[in-house]
Amino acid sequence: MSQGPRTGLAAVSAALLAMSRHLEVRDVLKTIVASARELLDAEYAALGVPDDHGGFAQFVVDGVSEEQWKAIGPLPRQHGILAAMLHDAKTERLADVRKDPRFEGWPSAHPDMSDFLGLPIKDGEETIGALFLANKNCPKPQGGCGFTQDDEELLGILAQHAAIALTNARLYERSRELTIAEERSRIAHELHDAVSQKLFSLRLTAQAAATLMDRDPERAKGELGHVAELAAEAADELRAAVVELRPAALDEDGLVATLRTQIQVLDRAHAAHLTFTTSGIKALPAAQEEAMLRVAQEALHNALRHSGAEKIRVSLDKRGQGAVLRVTDDGAGFDPKAIRSAGRHLGLVSMRDRSSGVGGRLTVESEPGKGTTIEMEVPGG
């Protein structure tokens, strides 16, 4: 329940700050609605994001209990006053919404509403939502509206910032979707290159064993042993890929435990010997932990697939308020002067983007025949 209105610049500032704290669209919508209801001291507030089919893609309310909301039933359609706000991009301030000729009623479990203030949320010329409040907590002037012109102007300011917050949240979610798609594409490519080759070899070896079964049982036995080895290697490759598809482990186990687990799996799956050491690390901001995990995965992928390394060392240590990740291999290395062409091949562009995206710094040291060291440093938070 609302604790009563806060007034003046402090109240507006608090509402805008609250909106800027969230990046997920649903959280932003909830914050906008709660902020609007508190700022204007209304009993009810709602925000609808329209779809392209006459309904709402999302609809968030504040002031209605969860039980009451379930009893109300399906989401409203774009009709009546809601449609007017969405299609005409026009503010509506009414003394009694029930007396408006456009009013078409509401479900039986819907709370009773009288005075009403609603306006569109716009991104440029596009209406991306509608924000509306009902039943202002104040003595109602006889025959007048509980909401004032000042309320309308204040809600208009809030709606402008709501449009910015909502647009930013949508862009953030879109960027996350693209990142996930890129990760899945990379892993799919790796599976095709590694696992499918092993499965093809397994099939040929099994066929050879079947052919030898009658005329050379000893050789057939050896081939079947090779089949078992190939099957185990393919299973390890799949297991390693599945681990990469589960960055959610960061939320449960943290960066250190997640890295240690993945490196142990890779060590079992490959001929190269992998080790992991760490010291002094505390929890980092979530975005930094995910970026460091992804850089480590990319660097390990390069070392295992392209360098021919026998030993790969991974370390994660405290540095100032932040941390430094280091992946070192004793493989073939490459010429840093050819970094432009090598960068695309080895995913260095992606690693640099991930690092800079969280305020970090990536350095690459390599020399033909003398291995490679990739270091990522983040400032902490």
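**Figure 1. Helix α4 in the predicted model is largely enclosed by the rest of the structure, because 7 of its 9 residues are buried.** The structure shown here and in the views that follow is a predicted model. The buried residues of α4 are Gly-80, Ile-81, Leu-82, Ala-83, Ala-84, Met-85 and Leu-86. These buried residues pack against β1, β2, β3, β4 and β5. Ala-89, which follows α4, has a positive phi, near 50°.

**Figure 2. Five strands form an open sheet with antiparallel pairing.** The order of the 5 strands is β2-β1-β5-β4-β3. Strands β2 (56–62) and β3 (92–94) stand at the edges; each has a single partner strand, so one side of each is left without a neighbour in the sheet. On average, neighbouring strands of this sheet are turned by 15° against each other, direction ignored.

**Figure 3. Strands β1 and β5 pair in the antiparallel sense, and two helices pack on the sheet to which they belong.** The pairing of β1 (residues 42–50) with β5 (residues 126–136) extends over 6 bridges. Within this pair, Tyr-44 stands opposite Ala-134 in β5. Helix α2 (residues 25–40) packs on the sheet and touches β1, β2, β4 (116–123) and β5. The direction of α2 makes about 40° with that of β2. Helix α4 (residues 80–88) also packs on the sheet, touching β1, β2, β3, β4 and β5. For α4, the angle is given with β5: the two directions make about 140°.

**Figure 4. Strand β4 is largely enclosed by the rest of the structure, since 6 of its 8 residues are buried.** On one side, β4 pairs with β3 in the antiparallel sense over 3 bridges. Leu-94 stands opposite Phe-116 in β4. The pairing of β4 with β5 is likewise antiparallel, and 8 bridges join the two strands. Leu-117 has Leu-133, in β5, as its bridge partner. Strands β4 and β5 form a hairpin with 2 residues between them. In the turn of this hairpin, Gly-124 has a positive phi of about 70°.

**Figure 5. The largest nonpolar core comprises 33 residues.** Leu-259, Met-292, Ile-312, Leu-325 and Met-376 touch the most other members of this core. Two or more residues are contributed by each of α7 (249–269), β6 (273–279), α8, β7 (311–319), β8 (322–329), α10 (348–357) and β10 (372–378). Helix α8 gives the most to the core, with 9 residues. Residues up to four places away in sequence not being counted, Met-292 touches Leu-255, Leu-284, Leu-316, Ala-323, Val-324, Leu-325, Met-376 and Val-378. Apart from this core lies another, of 29 residues, including Val-28, Leu-29, Ala-36 and Leu-166.

Note on methods
Residues are numbered from 1 along each chain as its sequence is written. This is a predicted model: local features need pLDDT of at least 70, side-chain atom pairs count only at pLDDT 80 or more; totals for chains, interfaces and linings use all residues. Side-chain values use heavy atoms; hydrogens and water are left out. Two strands pair if DSSP finds at least two bridges between them. Helices (H or I, at least four residues) and strands (E, at least two) are DSSP runs, numbered from the N terminus. Axes are lines fitted to C-alpha atoms, for helices over the stretch in contact, and angles run from 0 to 180 degrees between N-to-C directions. Contact means heavy atoms within 4.5 Å. Buried means under 20% relative accessible area, exposed over 50%, partly exposed in between (1.4 Å probe, protein chains only). A nonpolar core is a set of buried Ala, Val, Leu, Ile, Met, Phe, Trp, Tyr and Cys residues joined through side-chain atoms within 4.5 Å.
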